[in-house]
Structure formats: structure tokens, C-alpha cells
Amino acid sequence: MRVDAEHSYDVLIGKQLLGELPRLLGTGVKKVLVVHTEAMEASAAVVREDLLAQGYEALLAVIPDAEGAKSVDVVAFCWQVLGQSDFTRSDAIVSLGGGATTDVAGFIAATWLRGISVVHIPTTLLAMVDAAVGGKTGINTAEGKNLVGAFHSPVGVLCDLVALETLPRWDFVAGLGEIIKTGFIADPVILDLVEANAEALGTWPASIDDHLWDVVRELVERSVAVKARVVSEDLKEASLREILNYGHTLAHAIEQVERYAWRHGAAVSVGMVFAAELARLAGRLDDEVVDRHRSILASVGLPLTYRGDRWEQLLAVMRRDKKSRGDLLRFVVLDGIGKPTRLEGPDPTLLAAAYAEISADAPTSRAISL
Ligand SMILES: NC(=O)c1ccc[n+]([C@@H]2O[C@H](COP(=O)([O-])OP(=O)(O)OC[C@H]3O[C@@H](n4cnc5c(N)ncnc54)[C@H](O)[C@@H]3O)[C@@H](O)[C@H]2O)c1
Ligand SMILES: O=C(O)C(=O)C[C@@H](O)[C@H](O)[C@H](O)COP(=O)(O)O
Ligand SMILES: [Zn+2]
């Protein structure tokens, strides 16, 4: 799959792809910093050995797990490593891990010497289908999620599906959240595929067999194809790219309120049900599509509700969403499957009514508690 952003790059999807890394790094690179978490230590050692065998100077930088990686302290630590190892503009970073790792490593690459090459090797489903592709990089601040970052496209992405064999069920399911998002905004075949294989997908990795691998590969390819098309047309989110943010306005607020104890994909699941209810109440989306949100997300084990007593707090956080313009809150909503649009400045009563529909506490809501 090819992405045409500030430069063109390949997203390779398959098995045992490590041999492709030198080609993705391109010519002239001498030093490579492999950024990874402790959980990825063994794989990072293999990548390093491979790079050394190919004649590169290869170093490892271990960063904290999950959202703990997306902090300015981690960035500063990696800048120090790069500085002390004399990394120049002809050297490169390789990220190895989930979306948190690819986000922070991408940001380090974007900022070191004002930008050096990065190759992403995503190891979660979510990072393969979304985070590693498209060049959005960033970190969190105390005030919110992804508030600091840069658009900095990788020079290549290597999605080795074998990595998914060790991914725990909950992290796999979180990745399905972004895949289902892609289905609703742009590719209904994704929804059909998930619905037809929901039980096996929702019980990963116990359910792995040849058929399931074919399904997962197709889901990854279809999701990456949508993302590649969108970011090739609108890298810096002038307009079209906002559709990839479906469900994210509320999702990011939930993640922050939960101090990142929720997985991103799980929060996106609740955020999509909220956005669907918002569109329904605004008279844009019919009941059938809203119900399909709930049924498909629940079928793989994703959450549909959030605590009712947090609305004011969530609303305050949502005001800092990147789609906001001044006081104007803006949401990506659907007019139908594959028909994303924007809802700008919805009435506060409409927002509260949509939230009541997803509140875990509301006895009369249409929400299903899992
Ligand atoms: N830049 C973008 O366009 C973009 C898109 C979507 C999401 N994101 C970001 O991605 C992050 C979420 O990514 P995520 O869901 O991958 O979470 P994550 O990076 O936190 O990884 C989830 C967990 O999986 C573990 N893990 C990773 N690979 C594994 C493997 N192969 N086997 C076993 N365990 C493994 C990690 O150690 C971690 O504990 C969020 O920060 C989100 O904001 C960014
Ligand atoms: O690539 C994009 O654009 C997206 O919005 C993809 C999202 O899934 C992703 O979570 C992204 O990091 C959110 O971006 P943000 O600009 O809302 O921080
Ligand atoms: Zn996301």
C-alpha cells in the first residue's frame, strides 16, 4: 500500500517482513535508534541484531509502556540519547510497539534536528490499522490527550501480522474499535466482515486459525487503504482528514478523565455510540444505523456506555479538542454509513440528551451495560 504525503512511502502488510527494513530506511542511513517498551525487549533485540548484521550502528531506547510513553520527559530522554550518540540528519529512528510508542517515536523523529527519518513497526492491531500510518505524531500534556505534536510522515511502515499472536484479547479488541470506525466512515465491507466473524475476533488469540488470519489481514488492508487515501488527500487535516476522528471528541475526554486507564480503542467505541446518538437526535441518522453501532461494537466486547456523573467534566475537556474553533464545538457525525459530515456548535441540550443515551446510570436509556 502506498501513501502520498509530504513524501511517498510504503505500508507493508504480511508476515516475517523484517528483511524489508533496510529498503524502507533508504540509502545513506548509518545509525538507527530503535524505540521500544520493555514488553517488546525480545523483538527489539532481534531488530537490533538484524540491523547490526546489515552494517548499521543500532542502539536501543527503552520507554514506558502505553500512554506513559507519551510525555515530554520521555521525549527529552530520547533527545538526550540521540544527542549523546551524535545522530545527524542522515540517521533514523525505528519505532517498535503499539500506537503509544509509534506516536512518541514519531514525535521524537519530527523534532530531532527539525526532522529525521522514522520507520514504524507497529505491533498492535490498532497501531497497524491507524496509529503508524498517516504521520500524526504526538504526546499528552496534563491538560489533555495529544495536545502537542507534529505531522511527520514515516519513510515506511512494516506491519508484521505475526506480532499479533502475542497481543492480549483486550488490546486486540481495542484495535477493532478503530477498524469498526473505518467501516462506518468509509468501508461498509469492514462492518460485514466484523459481523460475520465477531465471535472469533472477540476471543483473540484463542480463536486463531487460517480463516481468522485471512479475515484479520483483509481488515488490516482495508483499514490501511482508507487511511492511506484520506491522508494522501489531506495530510494536515484541513478538512477531509477529520473523518478519521469519528468518535474521538468524547473518546479523548474519557481517556483523560480515566487517567488513561481505558484503552484508546475502547474509548473510541463509546465515543462512536455518542456521535451516532447525536446524529440521530439531530435528525440526521436513522435508528437502524445507531442500533448497528451498538450491536457490532458489543459483538466483539467493546463498551457502549460511560458513567453518567461525568458529563460536565467531559464537556470541559472536549472544548480543547483539536476540531474546536474558538467556542464552537465540532463533531464528526454520519448522515449514513460511509457518509461522514460535521455537526458544528450543537445545542447544549442536544449534547446532554445524546450523553443521556450512553450514560451507564440512566435507567431509561437505550444504553446496554456490558
Ligand atoms: N497517530 C495516530 O494517527 C493515531 C491513531 C490511532 C491511535 N493513536 C494512539 O495510539 C495509542 C493507542 O495505541 P495501542 O492501542 O496500540 O496502545 P499501546 O501502544 O498502549 O499498546 C497497548 C498494549 O499492548 C502492548 N503490546 C504492544 N504490542 C504487543 C504485542 N505484539 N504483544 C503483546 N503486547 C503488546 C503494549 O505493551 C501495551 O501494554 C493511543 O495513544 C492513541 O492516541 C494514534
Ligand atoms: O489520523 C487521524 O487523523 C486520526 O484522527 C486517527 C485517530 O484514530 C487517532 O486517534 C488520532 O491520534 C487522533 O488525533 P487527534 O488529532 O484528535 O489527536
Ligand atoms: Zn484513534
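The chain is divided into domain 1 (2–166) and domain 2 (169–358), with bounds that come from an automatic or database domain assignment. The model is predicted: local features need pLDDT of at least 70 and side-chain atom pairs count only at pLDDT 80 or more, while totals for chains, interfaces and linings use all residues. Residues are numbered from 1 along each chain as its sequence is written, and chains are lettered from A and ligands numbered from 1 in the order in which they are written.

**The two domains**

Taken over C-alpha atoms, the centres of domain 1 and domain 2 are 25 Å apart. Their contact takes 27 residues from domain 1 and 27 residues from domain 2; two residues are in contact if their C-beta atoms, placed from the backbone, lie within 7 Å. On the side of domain 1 that touches domain 2, at least two residues each come from β1 (2–4), β2 (8–14), α5 and β8 (144–151). Helices (H or I, at least four residues) and strands (E, at least two) are DSSP runs, numbered from the N terminus. With five residues, α5 gives the most to this side of domain 1. By class, this side has 14 nonpolar, five polar and eight charged residues. Here Ala, Val, Leu, Ile, Met, Phe, Trp, Tyr, Cys and Pro count as nonpolar, Asp, Glu, Lys and Arg as charged, and the others, Gly among them, as polar.

**The ligands**

**Helix pairs**

Axes are lines fitted to C-alpha atoms, for helices over the stretch in contact, and angles run from 0 to 180 degrees between N-to-C directions.

| Pair | Axes come within | Crossing angle |
|---|---|---|
| α6 and α11 | 6 Å | roughly 40° |
| α3 (residues 72–84) and α4 | 10 Å | roughly 50° |
| α11 and α12 (residues 287–299) | 9 Å | roughly 170° |

Angles under 35 degrees count as roughly parallel, over 145 as roughly antiparallel, 65 to 115 as roughly perpendicular and the rest as oblique. The axes of α6 and α11 cross at roughly 40°, which makes α6 oblique to α11. α6 passes α11 in a left-handed crossing; a crossing is left-handed if the near helix is turned anticlockwise from the far one by less than a right angle, and right-handed if clockwise. Residues of α6 in this contact include Ala174, Gly175 and Leu176, and those of α11 include His264, Gly265 and Ala266. The contact of α6 with α11 has six nonpolar, five polar and two charged residues.

The axes of α3 and α4 cross at roughly 50°, and α3 is therefore oblique to α4. The crossing of α3 past α4 is right-handed. Val74, Val75, Cys78 and Trp79 of α3 meet Val104, Phe107 and Ile108 of α4. Which classes of residue make up the contact of α3 with α4? The contact has seven nonpolar, no polar and no charged residues.

α11 and α12 are roughly antiparallel to each other. In their contact, α11 supplies residues including Ser269, Met272 and Val273, while those of α12 include Asp287, Val289 and Val290. By class, the contact of α11 with α12 has six nonpolar, two polar and four charged residues.

**Backbone details**

Trp204 and Pro205 are joined by a cis peptide bond, with omega about 0°. Pro205 is in the loop between α8 (198–202) and α9 (210–233). Leu113 is in the loop between α4 and β6 (117–122). The phi of Leu113 is near 55°, a positive value in a residue other than glycine.
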